[in-house]
Amino acid sequence: MEFVSPEGLRLDGRRPRELRRINCQLDVLSNADGSAIFEMGNTKVLAAVFGPHAVTRRSELREEGALVVCEYSMAAFSTGERRRRGKGDRRSTELSMVIRNTLEQAVITELLPRSQIDVYVQVLQADGGTRCAAINAAVLALAAAGVPLRDLVAGCAAGYLDGTALLDLNYTEDSGGGPDLCVALAPRLDSLYLVQMDNRLPVDTFQAVMELAREGCRTISGVMRAALLEHTQRLAVARGITAAV
Amino acid sequence: MAAAGAVAVKVRALVPGADVALIERVLNVHDAPSNTTFVCVGDEISTEGQEGFLRGHGTQVVDGKLVATVCGVVERVNKLIYVKTLNSRYNAEQGDVVVGRVADLAGKAWRVDLKSRQEAKLLLSAVHLPGGIQRRRNAEDELNMRSFFREGELISAEVQSVHADGSVALHTRSAKYGKLVCGQLLEVPPNLIKRQKQHFHTLEALGVELIIGCNGLVWVAPLRPDRLAAANAAAGGGAGSAGADEDEAAAAAPPPPPSRMQLEVVCRMANAIRVLTRLYMPVYPASIMATYEAAVEGEVALADMMEPGFLEAVVGQEAQRRSSAMQE
């Protein structure tokens, strides 16, 4: 299968260094403390944050910081073939752990001792890059819930197919058998919170793919920032903060 | 197909983001004066023209620069710079009036859910014994704790103290605090609630009792004669020994059920708060009454208060109020 045409276009018409169309919606659920929908092309993820609240299981209480609990699940209708997907299978458990690890580093937990933050992530449509989209949605939801964060962390995937480094792989490219690198980056601190790769890659190529993924993270973080700022401004105006000052 | 002709089924289309669009259109979000600075997580806050600064809530220092850790509005008080979030959980402060639900009993205390970061405790020694007797609480009192508050019951209380680790101690040492029955509980984002001198409101003309909890839980109930007496006693400087007999008498005989009129007023008041919450507007007595009166004047049916027509009228009223405030 040809992933990059001689004209330099990918299967869905993108250039190798192009992201899919991003759309962020904030506070979509009224019952959650913070919630967000993050869309990237045909991938669509919903995240809901409940908390910080008192820990539900006393044995898990941490004196020095907040406990982050994460649950990742895929909707039965999220893929082409309808399939009952639980939250307990191997893939979901692994992804829950990956997201939780990333969020634990992003949240300033020491400001919220003896409390717990629940993050529920559900994939509504899956078309590759669900891991990164889930992180992005969760970070947006945390920011909307007013949880202190070290930085606006963003995740992005990159791969290497047909001798070209490709940004933000979709499902067809993901299943193309090439290496798939998933990165979460804190842009201001310039520190990596997550690096995951399946398959092998020569070191020099890895550098190029890594740089591409980081570049993608920075761009996505910028888009997320714009969405959050607009949302903040809207809330402030409705509340009469700008008029009062 | 409607099964019974008597009940007409009403269908409303769900328009996602309609409320937000309404606010943007009527309140001119994008033309709003830009004398406030909004920041997002990870944004740098400028400290130019300032020699030294104090790092407040919602900020951190990265490489000598002040960076926001939450989304919100930058506030500057002398050297202190902090970021005020627009949506977060309740942060308890001493003296706050709160409404909460009893979660369970833990030894000598009730554990109360305040929708806050950490759980709150109401110690057995922090409640009034019936009749206002002053004595040490013994083991028998501990066994009879459920006769005061059971699990799942709503109570109003005051924050007695906030411990260093953030946990909260409550007390109900006044006739106005205590169990809440026969009314409606509303959930409001705590940031929409303004801290005020008064959080208990007895609107005698309307026959409504309103408790605006600082933690975002609002209680609306028809005014009962015994509660009115308690409010008066509290205002007159604490319930005396004479009030104790009345308390017992009131507990023995259940108060008469509220009239239909009274219940309608309560529902309208509750709906007014729901409208304000939905439009992200501050919830305080004046704004609640303005919305309530707008509904009465416009002769809006109870069920129609959440309709787009009325929401638009409320936002329009708010825009007018603001523009007149600006001119003055």
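# Ring pairs, cysteines and strands

A:Phe50 has a relative accessible area of 28% and is therefore partly exposed. The classes are buried (under 20% relative accessible area), exposed (over 50%) and partly exposed in between, with a 1.4 Å probe and protein chains only. The model is predicted: local features need pLDDT of at least 70, side-chain atom pairs count only at pLDDT 80 or more, and totals for chains, interfaces and linings use all residues. Residues are numbered from 1 along each chain as its sequence is written, chains are lettered from A and ligands numbered from 1 in the order in which they are written, and side-chain values use heavy atoms, without hydrogens and water.

## Aromatic rings

Rings of Phe, Tyr and Trp (its six-membered ring) pair if their centres lie within 6.5 Å; planes under 30 degrees apart are stacked, over 60 edge-to-face, and the rest tilted. Over all chains, the search finds four aromatic pairs. One of them joins A:Phe50 and A:Tyr120: the centres are 5.8 Å apart and the planes stand at 75°, so the pair is edge-to-face. This pair links distant parts of the chain. A:Phe50 sits in strand S3 (residues 43–54) of chain A and A:Tyr120 in strand S5 (residues 115–125) of chain A, 70 residues apart. Strands (E, at least two residues) and helices (H or I, at least four) are DSSP runs, numbered from the N terminus. Like A:Phe50, A:Tyr120 is partly exposed.

In chain B, ring pairs link B:Trp110, B:Phe148 and B:Phe149 into a cluster. B:Lys194 lies over the face of B:Tyr284, 4.0 Å from the ring centre. That rule asks for NZ of Lys or CZ of Arg within 6 Å of the ring centre and within 35 degrees of the ring normal.

## Cysteines

A disulfide is a pair of cysteine sulfur atoms within 2.5 Å. The count over all chains is zero. B:Cys71 is in no disulfide; its nearest cysteine sulfur, on B:Cys40, is 3.7 Å away. B:Cys71 and B:Cys214 both count as buried.

| Residue | Relative accessible area | Class |
|---|---|---|
| A:Phe50 | 28% | partly exposed |
| A:Tyr120 | 37% | partly exposed |
| B:Cys71 | 9% | buried |
| B:Cys214 | 6% | buried |

## Chain B overall

Chain B has seven helices and 16 strands. Of its 328 residues, 42% count as buried. Among contacts (heavy atoms within 4.5 Å) in chain B with a separation of 6 or more, 63% join residues 24 or more positions apart. The chain exposes about 17600 Å², with 52% supplied by carbon and sulfur atoms. Areas come from the Shrake-Rupley method with a 1.4 Å probe; for residues, only the protein chains shown count as cover.

## Strand pairing

Two strands pair if DSSP finds at least two bridges between them. Four strands of chain B form an open, mixed sheet in the order S1-S5-S6-S2. Strands S1 (38–39) and S2 (54–55) each have a single partner strand, so one side of each lacks a neighbour in the sheet. S1(B) pairs antiparallel with S5 (residues 72–77) over two bridges. There, B:Val39 has B:Gly72 as bridge partner.

Strand S16 (residues 217–222) of chain B is mostly covered, with six of its six residues buried. B:Leu217, B:Trp219 and B:Ala221 point one way; B:Val218, B:Val220 and B:Pro222 point the other way. S13 (residues 184–187) pairs antiparallel with S16(B) over four bridges, and B:Leu185 stands opposite B:Trp219. S15 (residues 208–212) runs antiparallel to S16(B) over five bridges, with B:Val208 partnered to B:Pro222. S15(B) and S16(B) form a hairpin with four residues between them. B:Gly216, in the turn, has a positive phi of about 95°.
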